[in-house]
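Please read this short report with the structure open beside it. Trace each element as it comes up.

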Amino acid sequence: MGEYVTRLVVGVGGRAGVSVAEVCALIEETLRGAGLTAGAVTALATVDSKTPEPGIAGAAERFGVPLVGYPAEELARIAVPHPSPAVREATGTASVAEAAALAGGGELLVPKRRSMAATCAVATVEEHDLRHHGDAEVADAGDGLVDLAVNVRSDTPPAWLKERIAASLGDLAAYPDGRAARAAVARRHGLPAERVLLTAGAAEAFVLIARALDAQRPVVVHPQFTEPEAALRDAGHRVERVVLRAEDGFRLDPAAVPEEADLVVVGNPTNPTSVLHPAATLAALARPGRTLVVDEAFMDAVPGEREALAGRMDVPGLVVLRSLTKTWGLAGLRIGYVLAEPEVIAKLAAAQPLWPVSTPALVAAEACVSPEALEEAEAAARRIAVDRAHLLAGLAEFEEVTVSGVAEGPFVLVRIPGAAEVRTRLRALGFAVRRGDTFPGLDASWLRLAVRDRATTGRLLQALDHALALAAP
């Protein structure tokens with residue numbers, strides 16, 4: 001898969017009655033002046049009120065690209081270099097062309113250009129590879145590569161869990177019956193069973209949410225796991241992003257989420273930043289008419305599961321996703337669950353195929369939420385915290401390495417100049433790490449490292465020292 005694809009978006013504004021010829025001529029002249037070609041343009045963008053304008057719609061048709069419209073209030077939140085009070089009064093945004101060009105999350109390449117009745121601006125948009133996951137780093141690598149790219153806990157599944165799963169194989173002739181597993185998950189969180197839906201991993205839950213909940217204005221908080229946005233896009237949604245900044249420690253300000261968003265997705269602790277958001281901060285995102293999706297796939301790797309929202313029934317519209325594949329090493333079995341209001345669970349269940357979770361996965365789910373398993377997971381979480389502290393202390397010895405945010409998950413996000421080359425050299429030295437540039441909000445200078453035991457971390461730090469020395473000029 002490619003790292004990301006650079007494309008051009010042309011933001012367009014125009015007076016009522018502007019002609020197709022004038023809009024096209026302005027765009028072509030602007031592109032030519034910047035050394036660009038019309039073939040690089042993948043979309044025209046404008047404010048919603050201008051999409052019916054024949055001159056603008058006709059220009060998009062002539063260029064053979066879609067015309068994307070944005071609400072005026074969304075464009076009004078985008079800082080533009082050439083604001084116009086007159087344009088703000090007329091359209092609700094300070095510059096239709098520049099704001100619309102920037103709305104896709106890219107950088108302004110050509111600022112606003114004018115003709116008699118039209119304006120345009122050009123932005124680059126970096127489309128991240130949302131389907132790239134850590135397993136791609138170790139695919140076909142053989143047995144000699146130490147896997148620090150995938151966040152599944154090492155030395156799992158444990159022997160007792162393998163035995164439970166193996167014992168279930170004698171029941172494969174019967175159709176799966178999820179009632180016992182569903183009841184066990186409900187007891188684990190102190191919820192009624194009608195608030196629980198078992199899924200084939202958290203990834204299936206994202207697809208169900210995208211297809212069944214009919215969101216009109218979904219927002220995804222990034223950097224985070226990319227499957228939620230990919231699922232929403234695949235279901236035909238136009239996704240808005242709230243991108244947290246490294247300078248702020250990737251902390252979330254609820255005010256950054258548009259008030260009109262009716263579906264908000266956020267991870268906690270967040271993959272790949274490892275930041276644990278306060279439960280109160282996330283609960284503050286709840287609104288009447290809004291679905292708040294909190295991905296807690298790694299919450300059981302946090303000692304005491306502090307800041308968890310799973311089991312809460314006082315937060316309106318709350319949907320919590322949990323995965324059993326990370327802590328228990330069941331990525332190949334596919335098992336997770338959703339906790340939500342009964343009406344939401346019913347909608348999601350109606351979108352599932354018949355018997356979506358296999359008998360072995362149901363047995364695993366019931367086993368992994370038993371009191372004994374929860375004690376084992378808590379002990380593992382405490383070990384991870386100690387091992388993470390050891391990793392962070394070692395990374396602090398390198399001047400080239402920066403850790404942004406306070407890591408609370410079973411992985412650490414680091415920034416390293418020349419990270420792509422460092423990653424390649426680490427691979428040659430026997431370590432696979434996760435590149436960060438496929439996460440919206442990050443670029444090629446970021447790497448994600450899974451937390452492992454002290455001995456493995458010691459070898460990694462030695463290899464990193466060697467890789468940095470080789471990469472130095």
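Helices (H or I, at least four residues) and strands (E, at least two) are DSSP runs, numbered from the N terminus. Axes are lines fitted to C-alpha atoms, for helices over the stretch in contact, and angles run from 0 to 180 degrees between N-to-C directions. The model is predicted: local features need pLDDT of at least 70, side-chain atom pairs count only at pLDDT 80 or more, and totals for chains, interfaces and linings use all residues. Residues are numbered from 1 along each chain as its sequence is written, and side-chain values use heavy atoms, with hydrogens and water left out.

**The domain record**

UniProt lists residues 145–464 as "domain: Aminotransferase class I/classII large", in an unreviewed entry. UniProt positions are given in the numbering used here, feature names are shortened, and annotations may be inferred rather than shown by experiment. In the model, the end C-alpha atoms of residues 145–464 lie 15 Å apart.

An open sheet holds seven strands, in the order S7-S13-S12-S11-S10-S8-S9. Its pairing is mixed. Two strands pair if DSSP finds at least two bridges between them. Strands of a sheet pair through backbone hydrogen bonds, either parallel or antiparallel.

Which strands stand at the edges? They are S7 (196–199) and S9 (240–243). Each has a single partner strand, so one side of each is left without a neighbour in the sheet. Neighbouring strands of this sheet are turned by 20° against each other on average, direction ignored.

| Strand pair | Sense | Bridges | Facing residues |
|---|---|---|---|
| S8 (218–222) and S10 (263–267) | parallel | three | Val220 and Val265 |
| S10 and S11 (291–295) | parallel | five | Val265 and Val293 |
| S11 and S12 (318–323) | parallel | four | Asp295 and Leu321 |

Is S10 enclosed or open? Five of its five residues are buried, so S10 is largely enclosed by the rest of the structure. Buried means under 20% relative accessible area, exposed over 50%, partly exposed in between (1.4 Å probe, protein chains only). In a regular strand the side chains alternate between the two faces of the sheet. On one side of S10 sit Leu263, Val265 and Gly267; on the other sit Val264 and Val266. Both faces are covered.

**Helices**

Helix H11 (342–351) lies across S7, S12 and S13 (336–339). H11 runs at about 25° to S7. Contact means heavy atoms within 4.5 Å.

Helix H8 (201–212) packs with helix H9 (227–234) at an angle of about 35°. Their axes are 8 Å apart. Phe206, Val207 and Ala210 in H8 meet Glu227, Pro228, Ala231 and Leu232 in H9. Six of these residues are nonpolar, none is polar and one is charged. Here Ala, Val, Leu, Ile, Met, Phe, Trp, Tyr, Cys and Pro count as nonpolar, Asp, Glu, Lys and Arg as charged, and the others, Gly among them, as polar.

**Loops**

Now the loops. A cis peptide bond joins His222 and Pro223, with omega about -5°. Pro223 is in the loop between S8 and H9. The bond from Asn271 to Pro272 is also cis, with omega near 15°. Pro272 is in the loop between S10 and H10 (279–283).

Glu307 is not a glycine, yet its phi is positive, about 75°. Glu307 lies between S11 and S12 and is partly exposed, at 31% relative accessibility. Arg334, between S12 and S13, has a positive phi near 65°.
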